Amino acid sequence: MVRSAGLLSSVRDPVALKSIAVTLSVHDFVAGVSVTLNYENEEKSPLETFFVFPMDVDSAVFSFEASVDGKKIVAELQDKYQIDKRYEDALSGGYQPYLLVEGKCSRDAFRCNVGNLQPGSKVSLTLKYVQELHLEDDGALRYVLPASLNPRYHLSSGDEDSSLDMKTPIVPLEELPCTLSMVATIRSQLGISTIQSNCPLSPIKYNGDKKTAAQVSLAEGHKFDRDVELLIFYRKVHSPSVAVEMGMSGKPSGSLMGAPSAMVSFYPDIPGVKTTTNRGEFVFLVDCSKSMNSPMNSKNKSQLRIDAAKETLILLLKSLPVGCYFNIYGFGAAYEEFFPDSVLYNQETMQIAVKKVKKLLANQEGIDLLIPLRKVLRKPSIPGHPLQVFVFTDGEVAETFNIIREVKFQSRKHRCFSFGIGEGAPTNLLKNIALISGGTAEFITGNDRMQSKALRSLRRSLQSEVENVSLSWNLPPKMFAPMLSEEQTSIIRGQRLIIYSLLIGKIPKGGATGEVCLSYKLRGQRYEEKVTFPLQPKRDNNLTIHRLAAKSMIQSKDFGYKGTSTMFKKDVLEISLESGVMSSFTSFAAINKELNEPILGPMFHRDIPRPILLGPGPGMPSDDYPPNLFCASAPATLPPWLMGRGQCAPMMSMPNGTPHEPQKSQKKHVTNTDACPELPHLAKYDSDPQGSKELSIVQLIYLQNADGSWDMNEDLAKILGTTLEDMTAAHPIEELQPSAWATMLAVFWLHANGEDLQDEWELLERKAVVWLYNSASGLRKHIHTVNKFLKMSLGPSVLRL
């Protein structure tokens with residue numbers, strides 16, 4: 001299924017997009033964005049149209065304008081349920097109404113009902129939003145303009161066997177009718193090192209020798225045939241920083257939008273501890289819906305998402321520490337659990353799980369994560385083994401708000417690590433369940449490898465727990481800084497923290513400064529990081545920091561129409577209306593009464609060069625509201641918009657103390673695994689003995705035992721490029737057991753041939769080395785023999801010697 005975006009008719013046919021103009025303003029780690037899209041109704045009949053705008057959960061829309069044939073309409077944010085009827089009345093009266101609302105079951109897209117569009121009419125839509133920028137592992141800040149605004153065409157240079165909708169007109173790239181212009185201005189006291197993009201850029205223009213400000217734009221004539229990625233590298237990206245933004249003029253000095261707002265950014269230097277712990281219960285939930293049969297990217301012969309997920313699961317299983325517990329769930333409209341309860345990780349249970357993983361099918365309708373996730377989270381904990389949950393999905397998941405509430409309610413007993421596969425992954429759900437449980441969210445798009453990102457999360461899950469996290473301020477007298485972000489209870493090494501606060505009180509004139517300190521405890525030792533900053537608020541017409549702070553507050557209280565308590569609904573509505581940031585209870589609305597003639601006539605369909613996403617994707621968010629969920633109460637001593645940071649409304653409990661919910665029947669489904677294919681990467685190995693190094697590494701990982709060792713056999717010899725007879729002949733039998741010899745060969749081969757994929761095999765290789773130390777002695781003297789046999793020259797550092 002293709003996920004449509006842009007300006008569409010009521011039957012989801014696209015209206016012709018002519019051009020897009022983007023203005024991007026980046027300050028440190030946040031961005032203000034203005035996007036203008038120009039369309040034209042080329043049909044001979046009127047169209048009732050709506051506009052779908054894909055949004056990241058870290059973004060907040062605060063302005064919407066429309067211009068039809070030169071007539072400008074400026075929308076205002078209002079209580080949504082007071083204006084719904086106005087929209088219907090205006091449409092039936094022939095007026096040009098506009099309504100921009102947030103998805104009721106997700107925050108990943110906004111739908112704008114643009115109304116009646118006359119034949120030949122030109123419409124210009126402008127949205128303004130603010131956004132936190134994602135920090136990549138290489139230190140780059142990443143801004144993405146999603147191509148779903150002008151979804152990819154079926155280009156004439158594409159693969160003839162593509163699974164795209166072949167009714168889509170085929171056009172060469174140079175004849176795509178839409179063009180994109182984008183200008184970006186970047187400012188940061190951290191210093192700008194360089195700016196890169198996956199699209200051609202104009203020369204970068206720096207302001208001043210210190211390179212604290214720069215401007216760059218896309219090269220002229222860009223056709224917007226792909227996501228536009230802008231990567232910004234700061235010289236001191238890991239340094240803590242505080243940005244202070246001036247409040248809105250005319251607002252009370254102590255109000256949410258009137259007081260100065262501060263954005264605190266920390267990248268904690270948490271000591272790295274290589275651990276061989278065997279503690280932990282690891283539960284993996286993998287999406288088995290039909291959309292997982294889509295390719296990972298647009299390249300010819302690209303691996304299917306379900307196959308990448310299966311390979312990743314096997315890699316994760318091989319990398320688990322001996323002595324932990326684990327389980328796997330496949331879910332779609334129903335779910336399958338591999339074991340009734342999490343089982344002890346050993347050779348037998350690992351082999352059973354690997355066999356079942358290889359036979360998983362992506363054959364289910366719908367994506368219901370709530371039922372299996374609730375079962376996992378509500379099972380009794382295994383003493384001494386903290387629960388770590390890994391969720392893999394590529395599509396719109398049912399009951400998003402309920403899932404977030406469930407994870408929030410159980411957040412102190414687990415951490416959740418989420419993975420969004422492909423462009424349609426639900427960012428709101430995946431980022432929220434990771435954030436509120438102390439985990440991390442990863443998104444796999446384009447040429448990203450799922451395996452490396454999953455292993456990065458597994459390494460994080462094995463880290464020692466960081467405790468007693470707190471933030472303190474040192475400010476001039478009679479000033480204080482109420483926190484607007486949810487309280488941070490855990491930190492993971494390599495993770496950035498962004499915290500929003502107001503600065504209440506009179507700021508002294510002159511060069512006054514403030515100080516903020518982040519402290520935490522690791523393995524009984526207290527650590528602190530401090531940053532001093534000038535108390536001189538900067539003006540920003542977008543009020544970027546204020547609005548992102550408001551977005552953070554809204555997210556902590558807003559769980560949809562039926563899932564939000566009456567008390568919090570009032571708070572959300574107040575915060576939303578004051579900040580101009582949409583919520584489940586507000587909409588932008590305006591009616592153009594200058595078009596005084598009713599627009600009549602039937603709708604007409606004609607194929608135009610149609611924008612579509614590459615490969616099947618999730619459907620549009622459902623309009624069904626989620627059922628109620630409730631969680632713990634908050635004190636009522638603070639102003640409404642500062643109440644309950646990280647807390648929820650009073651809970652209605654069952655006798656056992658769990659939240660009360662409507663009963664929902666769910667027949668347990670066991671996926672048919674009788675005739676499922678092997679993983680293509682493993683099957684291909686048999687027909688292509690030489691294979692690529694990547695395929696050989698996958699096969700080598702598959703052969704590893706649960707304890708970290710390898711056995712001497714023909715399959716291992718084939719990967720090493722030798723024979724079992726030669727491997728046996730070179731084996732120092734009197735000094736090494738066969739499995740120790742095989743394991744040394746495998747470890748050395750990985751180091752020599754898999755350097756580019758080291759992130760993916762590092763954990764299982766470390767487990768192998770630990771096994772060698774426990775199972776063999778005098779390893780150093782055998783290094784020369786291993787090197788001679790494999791025709792390489794690696795040193796003893798391979799074995800940590």
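Predicted model: local features only at pLDDT ≥ 70, side-chain atom pairs only at ≥ 80, totals over all residues.

Reader: How are the planes of Tyr-329 and Tyr-335 set, stacked or tilted?

Author: That pair is tilted, with 35° between the planes and 6.0 Å centre to centre. Tyr-329 is buried at a relative accessible area of 1%, and Tyr-335 is buried too, at 7%.

Reader: And why do Tyr-520 and Tyr-527 count as stacked?

Author: Their planes are at 15°, so the pair is stacked; the cut-off for that is under 30 degrees. The ring centres are 5.6 Å apart.

Reader: Are those two buried or partly exposed?

Author: Tyr-520 is buried, with 1% relative accessibility, while Tyr-527 is partly exposed at 22%.

Reader: Which Phe residues form a cluster?

Author: One aromatic cluster is made of Phe-284, Phe-390, Phe-392, Phe-417 and Phe-419.

Reader: Switching to charges: which ring does Lys-211 lie over?

Author: Lys-211 is over the face of Tyr-206, 4.5 Å from the ring centre. Lys-356 has its charged end over the ring of Phe-339, at 5.7 Å from the centre.

Reader: Now zoom out. How many helices and strands are there?

Author: The chain has 16 helices and 33 strands. It has 801 residues, and 57% of them count as buried.

Notes. Residues numbered from 1 in each chain as written. Heavy atoms only, no water. Helix = DSSP H or I, 4+ residues; strand = E, 2+ residues; numbered from the N terminus. Buried < 20%, exposed > 50% of the residue type's maximum accessible area, 1.4 Å probe, protein only. Phe/Tyr/Trp six-rings, centres within 6.5 Å; stacked < 30°, edge-to-face > 60°. Lys NZ or Arg CZ within 6 Å of the ring centre and 35° of its normal.
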